[in-house]
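Please read it alongside the sequence and the model shown here.

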Amino acid sequence: MRAEYVIGEAATNLRRNVLLVLGAILAVFVSLFMTYMALVVNEVARNSAERWQEGISIIAWLDDADLADHTLVTNEVSGWDEVKRAVYVGKAEAWQEFQTMFADNPALVETVDPASMPASVRVELANNENHQAIVSRLASIPLVDEVDQASEAVEDTLEASRLLNTGGIVLGVALGLSAVVMISNTVRMAIYARREEIGIMKLVGASNWFVRTPFLLEGLIEGLVGAGLAVLAGWFGYRWFIANLDLGIIDTDVPQSFLVSRGLVVLAFGAFAGAVGSLVGLRRYLQESK
Amino acid sequence: MIRLQGVSKVYDGSTVAIRDANTTIQKGEFVFLVGPSGSGKSTLIRLLMREEKPTQGEIWVAGRNIADLPDWKVPYLRRSVGTVFQDFKLLPNKTVFQNVAFALEVIGRPRGMVAQQVPKVLKLVGLSSKAERFPRQLSGGEQQRVSIARAFVNRPLILLADEPTGNLDPATSVGIMRLLDRINRTGTTVVMATHDHAIVDAMRRRVMQLERGRIVRDESRGVYEGPAVTDATPAVNGLKPVDPNGQRAAPTDPEPSEEQEVVTAPGESDEG
């Protein structure tokens, strides 16, 4: 009878204030959807950045010269303590690489003369801290024409993802707060609508938790429904996104387990927001005697 | 059953509602609280049900000092203290039966007990035939009977009534008083705040008179207007022959209800 009663009362509360309840659910939905998406996008960016970083981080383009000279340079660079690996990529290999990279753009490939492809030494560092020093040392080698830092792109991506992440979280938290306020408002309205009943319940000695539980449940339901919708929308939105948008080199695959675990986190957060919201709403109206 | 020790209640740091009240009420007593509006009757009732906390002093109810009862224990106090008010406080969307049953349901009493106790108490208040009616379909007197049934259904030790006849005509009031008397005879202590001279004078029970927050008179078989009042307010004296609350100035239509039978003095009535 107890559980039946509590659920029945909560359902009545939800039905009585449909608009407000929808508003609260919407607020939870928007805030948690943002948060969920921020988590996913961040994961995508982190994955891609990691994959790039695994490989070469500095490219030293070489002047056209004898293969022997190129080998000398490569060997020299290989010998540096800070360098983990230095790989020579000759003109022919560079051409091949170029062809694969732009396989979907034959027109571009045709305009390029294979002979103009520069050879290069791809350097992988043992430790990223020496980055700047190595770059200038490479640049000082006479045969080196230009030094490109692949890591700049990586850094940019990481930086962008960090910004996106922070922005998403800040927005999520701000919207989350508004969701809590919305929930506390609906609970307050529900309490107001039933103030007579609550007054009598307190008069005849209903325990505080007996009075509070239906309202707590109401907030909890609002939080959970909003969070559930956010997870569903996020899940299908992400599916749609990877199916319809090709970002080329960016690897958009995120493991299913990641989506599920973060989805659970989002649901828990929704429940938490609901509970906090209803407690805030309950606080003022159910105070005891002064 | 009830003991007040040096009880004072001050609102907002300046308005004194109760000043240094000391008294003892035995189990099974019937006590009238009388006095003009603002004399502190209602405050005293509210203190006894822990709607308010005293600013000073101790209030012992059923062996507990409710002045420092923690908030979470207040519901348990209320289960042994029934309350009845002038405005009935019934839920309009519930039937008579549901209104009374509500009091048992919300304190988690099992269904079987509700099904058993509610008809019993409805019979006691004479509303068995109207169990499925809604409050709006009842007369004022009947509504007050429902409210008394609700207060009594859990068999409280104490019944507090704050002007229970304040909205009722004299004949109906007598019916309500007979009911309260009957409840009192089951051993329930009754404390009733009232403005009603006729009732107090007819019942001849213990009368406690309040003036500006002080208990100025306490007689065991008293009447409304005591001889020893020192601090009576001129306003009351000026209005004397008329009922001071003015709520029963016009004669009301006779109620087509169970109260009709009653015209005798309630104290002498003898019911089952």
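## Fold of chain A

In this predicted model, 89% of the contacts in chain A with a separation of 6 or more are between residues 24 or more positions apart. Of the 290 residues in chain A, 32% are buried.

Chain A contains 10 helices and 4 strands. Read from the N terminus, its elements follow the order α-α-β-α-β-α-α-β-α-β-α-α-α-α.

## Contact between chains A and B

Chain A contributes 16 residues to the contact and chain B contributes 21 residues. On the side of chain A that touches chain B, the elements giving two or more residues are helix H8 (195–203) and helix H9 (208–244) of chain A. H8(A) supplies the largest share of that side, with 5 residues. By class, the side of chain A that touches chain B comprises 7 nonpolar, 4 polar and 5 charged residues.

## Helix packing in chain B

Within chain B, the axes of helix H3 (residues 96–105) and helix H5 (residues 140–152) come within 8 Å and cross at roughly 25°. Because this angle is under 35 degrees, H3(B) is roughly parallel to H5(B). The crossing of H3(B) past H5(B) is right-handed.

From H3(B), the residues in this contact are Val96(B), Asn99(B), Val100(B) and Ala103(B); they meet Val146(B), Ala149(B) and Arg150(B) of H5(B). By class, the contact of H3(B) with H5(B) consists of 5 nonpolar, 1 polar and 1 charged residues.

Technical notes:
Residues numbered from 1 in each chain as written. Chains lettered and ligands numbered in written order. Predicted model: local features only at pLDDT ≥ 70, side-chain atom pairs only at ≥ 80, totals over all residues. Axes fitted to C-alpha atoms, helices over the stretch in contact; angles between N-to-C directions. Parallel < 35°, antiparallel > 145°, perpendicular 65-115°, else oblique. Left-handed = near helix turned anticlockwise from the far one by under 90°. Contact = placed C-beta atoms within 7 Å. Nonpolar A, V, L, I, M, F, W, Y, C, P; charged D, E, K, R; others polar. Buried ≥ 20, exposed ≤ 12 C-beta atoms within 10 Å, placed from the backbone.
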